[in-house]
Amino acid sequence: MTNVSTASASHQQCASCGRQYPDTDASPRCASCGGLLDVVHAPPAARGAELRTLFAGRRREGSSGVWRYREMVLPNAGTHIVSHPEGNTPLLARDRVSSYAGVPGLLLKHEGHNPTGSFKDRGMTVGVTQARRIGARAVACASTGNTSASLAAYAAQAGIPALVFVPAGQVALGKLAQSLAYGARTLLVKGDFDACLSLVQQASERLGIYLLNSINPFRVEGQKTIVLEALEQLDWDAPDWLVLPAGNLGNTAAFGKALRQAHELGLIARVPRLAAIQADGAAPFASSFRDGFATRPKVKAETVATAIKIGDPASFDRAVEAIRYTSGVVTSVSDAEILDAKAVVDASGVGCEPASAASVVGVRRLVKEGVIRSSDRVVAVLTGHVLKDPGALLRYHQELDPPPQFANPPVEIEPTIEAVERVLIA
Ligand code: F0G
């Protein structure tokens with residue numbers, strides 16, 4: 001095993017064979033066995049209450065919701081940081097959503113409040129900072145839409161050319177619009193997300209472009225801060241459950257890593273359980289969970305929640321570790337359930353994109369199954385903004401055959417007061 005000098009605060013380590021690499025190595029995978037890499041930081045000087053105080057001080061100063069945890073994210077970032085800033089997203093309580101889910105103590109961590117409207121900004125500020133640290137000439141990702149929107153924005157800020165691979169005809173309108181607007185070279189690939197991911201890895205290898213999918217371990221470091229920030233908002237009094245939608249499984253992996261480190265550093269006294277929620281038509285992780293993770297199925301993904309329309313998740317093994325470490329669960333929900341839950345979240349005035357609503361309806365399902373108790377304290381993560389997918393939203397409210405449960409269809413009228421009255425009286 002190669003041992004890297006400990007002069008640097010961080011290094012990379014292969015999750016499969018343990019081989020170590022400098023933190024400035026640009027390869028997305030282990031050169032020896034092809035495994036995924038993990039970023040390992042020297043333990044911070046402070047722990048427990050002292051570390052909590054350090055973080056709280058930066059929060060009062062209005063620091064980025066990612067970089068105020070820099071000891072746990074990328075201590076060596078120095079002057080390279082590319083920050084919008086991001087994070088500092090709200091933790092919301094809404095009666096309507098709580099009663100729909102069946103948990104009065106439900107809180108919604110709304111990551112749609114990030115600068116490009118999804119949690120991806122937390123990973124991307126770190127990924128693009130790392131790209132700048134290593135002098136990357138160009139950056140690339142495959143995406144179901146949010147990663148590409150975020151990459152495009154942060155690369156534009158850093159002045160680094162960005163190349164994105166998205167499945168043609170399968171990306172929500174708001175997301176595709178963002179990638180074009182922020183100036184990324186956008187390739188509409190005639191294939192699914194899994195094909196895009198394979199293609200971008202080949203392109204990155206052949207053309208020397210820095211890969212910024214969530215297999216990039218620096219992205220994971222940034223996404224850990226969703227959990228750190230939610231815990232801090234709860235005064236480090238951990239909830240019983242953290243619930244999130246799951247697709248490529250980078251976020252599930254990041255949540256597990258964050259919880260492990262928060263516990264080891266004495267930030268929290270006990271570890272909440274994770275619940276990862278997939279869509280029925282894109283649920284290889286949920287079916288693997290049912291057989292105790294003995295198998296690793298691949299599926300041809302199909303779901304209205306295009307963000308999580310993924311059949312062969314890249315961070316599978318890391319996510320298994322996260323579920324095992326937290327005594328977590330994995331389940332899946334139908335498209336109809338996702339859309340109804342989204343309509344409830346939207347009508348509460350909060351709003352989210354379809355994939356995000358999987359976490360809310362996942363809570364509802366797990367309460368019905370007796371896995372989550374209605375007295376539990378639960379944080380469900382809303383991963384993306386309501387305006388990301390206006391297409392799915394308008395189809396739901398305008399569907400007539402039959403109208404969905406929570407539809408709020410618009411009414412076209414003649415420009416007369418009588419027509420207005422007729423609508424209001426009807
Ligand atoms: N929710 C939203 C809104 C997403 O965009 C994604 C992933 C997820 C949940 C699932 O997170 O993949 O880490 O399990 N979107 C990726 C993308 C795949 O390309 O934007 P995951």
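A pocket, as the word is used here, is an open set of grid points with protein on both sides within 12 Å along at least five of seven lines. In this predicted model, the largest pocket holds about 900 Å³ of space, while the largest cavity holds about 310 Å³.

**Largest pocket**
- The lining of the largest pocket is made up of 42 residues, and those closest to its centre are A15, D38, K257, R318 and E321.
- Strand 3, helix 6 (193-207), helix 7, helix 8 and helix 10 are the elements that each give two or more residues to this lining.

**Cavities**
- The structure contains 4 cavities of 30 Å³ or more, and the largest of them is lined by 26 residues, with F119, K120, N248, A307 and I310 closest to its centre.
- Two or more lining residues of the largest cavity come from each of helix 4 (146-158), helix 7 and helix 8 (250-264), and helix 8 provides the largest share, with 3 residues.

**Helix 10 and its surroundings**
- Helix 10 spans residues 316-325, and within it F316, R318, A319, V320, A322 and I323 are buried.
- These buried residues of helix 10 pack against strand 3 (37-41), helix 7, helix 8, strand 11 (273-279), helix 9 (284-290) and strand 12 (329-333).
- Just after helix 10, S327 adopts a positive phi of about 50°.

**Nonpolar cores**
- In soluble globular proteins, nonpolar side chains tend to be buried together.
- The largest nonpolar core here comprises 64 residues, and V128, V139, L151, L231, F255, L267 and F285 have the most contacts inside it.
- Leaving aside residues up to four places away in sequence, F285 touches L249, T252, A276, Q278, F293, F316, A319, V320, I323 and V330.
- Another core, of 34 residues, lies apart from the largest one and has V103, I277, A279 and I372 among its members.

**Aromatic pairs**
- With ring centres required to lie within 6.5 Å, the count comes to 6 aromatic pairs.
- Because F55 belongs to helix 1 (residues 48-60) and W236 to the loop between helix 7 (217-233) and strand 10 (241-245), their pairing ties together parts that are 181 residues apart in sequence.
- F55 is buried at 0% relative accessibility, and W236 is likewise buried, with a relative accessible area of 11%.
- For F289 and F293 the ring centres are 5.8 Å apart and the planes lie at 65°, so the pair is edge-to-face.
- F289 is partly exposed, with a relative accessible area of 26%, whereas F293 counts as buried at 15% relative accessibility.
- Ring pairs join F285, F289, F293 and F316 into a cluster; of these residues, F285 is also named among those with the most contacts inside the largest nonpolar core.

**Charges over rings**
- R260 is placed over the face of Y325, at 4.3 Å from the ring centre.
- R364 is placed over the face of Y100, at 4.1 Å from the ring centre.

Methods: Residues are numbered from 1 along each chain as its sequence is written. This is a predicted model: local features need pLDDT of at least 70, side-chain atom pairs count only at pLDDT 80 or more; totals for chains, interfaces and linings use all residues. Side-chain values use heavy atoms; hydrogens and water are left out. Rings of Phe, Tyr and Trp (its six-membered ring) pair if their centres lie within 6.5 Å; planes under 30 degrees apart count as stacked, over 60 as edge-to-face and the rest as tilted. Helices (H or I, at least four residues) and strands (E, at least two) are DSSP runs, numbered from the N terminus. Buried means under 20% relative accessible area, exposed over 50%, partly exposed in between (1.4 Å probe, protein chains only). A charge sits over a ring if NZ of Lys or CZ of Arg is within 6 Å of the ring centre and within 35 degrees of the ring normal. A nonpolar core is a set of buried Ala, Val, Leu, Ile, Met, Phe, Trp, Tyr and Cys residues joined through side-chain atoms within 4.5 Å. Contact means heavy atoms within 4.5 Å. On a 1 Å grid over the protein atoms alone, a cavity is a set of points where a 1.4 Å probe fits but cannot get out, and a pocket is an open set with protein on both sides within 12 Å along at least five of seven lines; lining residues have an atom within 4 Å of a point. Grid points are joined across faces, edges and corners, and a volume is the space filled by probe spheres set on the points.
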